[in-house]
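Q: I am new to this structure. Can you walk me through how to read its features?

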Amino acid sequence: MRDHLYINGQWVRPDLGGSFTTFNPATEEPLSEVPSATEEDIDHAVRAARKAFDRGWGQTRGAERAEWLDGLADELERNQADLARLEVQDNGKPLPEAQWDVSDAIGCFRYYANLAKELDGRQDQVVELPDERFRTRLRFEPVGVAGQIIPWNYPLLMAAWKVAPALAAGATCVLKPSELTPLSALELAAAADAIGLPAGVLNIVPGLGAEAGAPLSHHPGVDKLAFTGSVPTGSRIMSAAAQDIKNVSLELGGKSAFIVFDDSDVESAVEWILFGIFWNQGQVCSATSRLMVQEGIAPRLIERLVEATRSITIGNGMDPGVLLGPLISQEQYEKVNTFVNKGRSSSAKLLAGGARPAGLDCGWFLEPVIFDEPAEDALIWREEIFGPVLCVKRFKTEADAIRLANDSRFGLAGAVMSGDPQRATRVANQMRAGIIWVNCSQPTFTQAPWGGMKQSGIGRELGVWGLDNYLEVKQLTEYVSEEPWGWYLK
């Protein structure tokens, strides 16, 4: 039934009967024909989610919802190996990365199952007041119907980041996966169907952005919009949300800085720099794509970095030992190459990569790229490329490094490496980003908040913050004194 949409607990064909084709990025061959939702299907899904919310899901106890979340985790775990292989075919990432992602997605559902149970204990908290004639207690209630739009770089994991906290909170979901990687989201729908999740609680509607994403963003029956993706699309979603004053959370782009001081260990720095920019082919919103190296360590570090970059194994994600797979699509391949060509024609020096790897004549493969000393106003330095492209600049002082790092319209993440813990902490505290890594880059934990400053987004996902994204706080204040209030009646 994967050629159907999943709406109201049923597999249904799109109203207009349309479909689109997905491709294997490593071979450029068609992979699957996927049902394409349009405005009519989105309306059916939102109405189903509203009905499910109003008729019971929104009033369930957290402990009950936890059982459903654990059930989804169990079902995904049973199919874990197949899901990882599907992610490789659909997205192109190396199999070990896909296995890691699927494991994290399962863990995400289990984590929010526990938070759902804990939510029961948070209800009816009493707030201390300065006037003992009154008593105030708090209720944490689900936001309602959540419209969720996810990207293609971590297909199943991004679905888990959105769906798990929403269901834990008691919200219902209409999830639109990326049209480039919709297959694992449909497997999540299959898991919901297999465990008998109540109809309408989770609806999954693949489709194109203009035909499905835009109608979901504008639908008056949606109470909250949650989006992960590009800044331009996030801006349009925020504008749509403003029409009805919808609750909105956005996790957008980044151009994250990695500061390396002279007292850092070269080998450790190279390892984390490579991981920070080339993991998932650099198609990571938090990728530390701007490297700032202090002058003293720069010659040794850059030489070793270039050597290590040239030795990275590139190929089909299913092949053993591959560390770098293809880019997601022809469009993304051309976009990244456009940036690389702009870099070639600029004052920056190309130190490594930028060509199609030898022997890989098919697939959207690109050698990992390093540019040295781009101008501060260069596009490759300032704009998010979303590919395996690293730009390096040298700095003299701590103040120089902080200025360079913060001189960006983005503020999602950053990293600092130093053998001096006090300096590392001092610099981390001054970097204007929502996530800062010290002596590492990119480790992500479900328990910790995820989100950015400036144009990198609004709100936080993961941890208790992810749950709070889908909760409304209600104040209930009661007059408990036996004495009359005495404003009108004396």
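**Reading the model, feature by feature**

A: Gln442 is buried, with a relative accessible area of 10%. Keep in mind that this is a predicted model.

Q: Which cut-off makes Gln442 buried?
A: Buried means under 20% relative accessible area. Gln442 has 10%, so it counts as buried.

Q: Where is Gln442 placed?
A: Look in the loop between strand S19 (435-438) and strand S20 (453-454).

Q: What is the phi of Gln442?
A: Phi of Gln442 is near 85°. That is a positive value in a residue other than glycine.

Q: What about the phi of Glu28?
A: Glu28 is not glycine either, and its phi is positive, near 65°. Glu28 sits in the loop between strand S3 (19-23) and strand S4 (30-35). With a relative accessible area of 29%, Glu28 is partly exposed.

Q: How do I read a helix? Take H11: what span should its residues have?
A: Count 1.5 Å a residue. Helix H11 has 15 residues, 330-344, so it should span 21 Å. Its end C-alpha atoms are 21 Å apart, which agrees.

Q: Which residues of H11 are buried?
A: They are Gln332, Tyr333, Val336, Asn337, Phe339, Val340 and Gly343. These residues cover an arc of only 155° around the axis, so they lie on the same side of H11.

Q: Why do residues three or four places apart point the same way?
A: An α-helix has 3.6 residues a turn, so such residues point the same way.

Q: What covers the buried residues of H11?
A: The cover includes strand S15 (369-372), helix H12 (379-382) and strand S16 (389-395).

Q: Let us turn to salt bridges. What should I look for, and how many are there?
A: Look for a side-chain nitrogen of Lys or Arg within 4 Å of a carboxyl oxygen of Asp or Glu. By this rule the count comes to 30 salt bridges.

Q: Where do Arg50 and Asp54 lie?
A: Both are in helix H1 (residues 39-54). They are 4 residues apart, about one turn of the helix. Arg50 is partly exposed at 24% relative accessibility. Asp54 is partly exposed too, with a relative accessible area of 46%.

Q: Which parts does the pair of Arg139 and Asp124 tie together?
A: Start with the bridge: the side chains of Arg139 and Asp124 meet at 3.0 Å, N to O. Arg139 lies in strand S6 and Asp124 in the loop between helix H4 (95-122) and S5, so the pair ties together parts that are 15 residues apart in sequence. Arg139 is partly exposed, at 26% relative accessible area. Asp124 is partly exposed as well, at 33%.

Q: Lys176 forms a salt bridge with Glu179; how far apart are the closest N and O atoms?
A: They are 3.4 Å apart. Lys176 counts as buried, at 3% relative accessibility. Glu179 counts as partly exposed, at 27%.

Q: Which residues do salt bridges that share partners join into one network?
A: The network holds Asp70, Asp74, Glu77 and Arg110.

Q: What separates the C-alpha atoms of Leu129 and Ile277?
A: The separation is 50 Å, for residues 148 apart along the chain.

Q: Where is Leu129, and what is it in contact with?
A: Leu129 is in the loop between strand S5 (125-127) and strand S6 (134-142). Leaving aside neighbours within four places in sequence, Leu129 is in contact with Phe134, Arg135 and Thr136. Leu129 is partly exposed, with a relative accessible area of 37%.

Q: Last, the surface. Which residues make the nonpolar patch of about 650 Å²?
A: Trp485, Trp487, Tyr488 and Leu489 make it. Trp487 lies in the segment after strand S22 (471-479). Its relative accessible area is 71%, so Trp487 is exposed.

Conventions:
Residues numbered from 1 in each chain as written. Predicted model: local features only at pLDDT ≥ 70, side-chain atom pairs only at ≥ 80, totals over all residues. Heavy atoms only, no water. Helix = DSSP H or I, 4+ residues; strand = E, 2+ residues; numbered from the N terminus. Buried < 20%, exposed > 50% of the residue type's maximum accessible area, 1.4 Å probe, protein only. Contact = heavy atoms within 4.5 Å. Expected span 1.5 Å × (residues − 1). Arc of directions from axis to C-beta. Patch = residues over 30% accessible without salt bridge, like charges linked within 9 Å, V, L, I, M, F, W, Y side chains within 5 Å. Areas by Shrake-Rupley, 256 points an atom, 1.4 Å probe, with all protein chains shown as cover.
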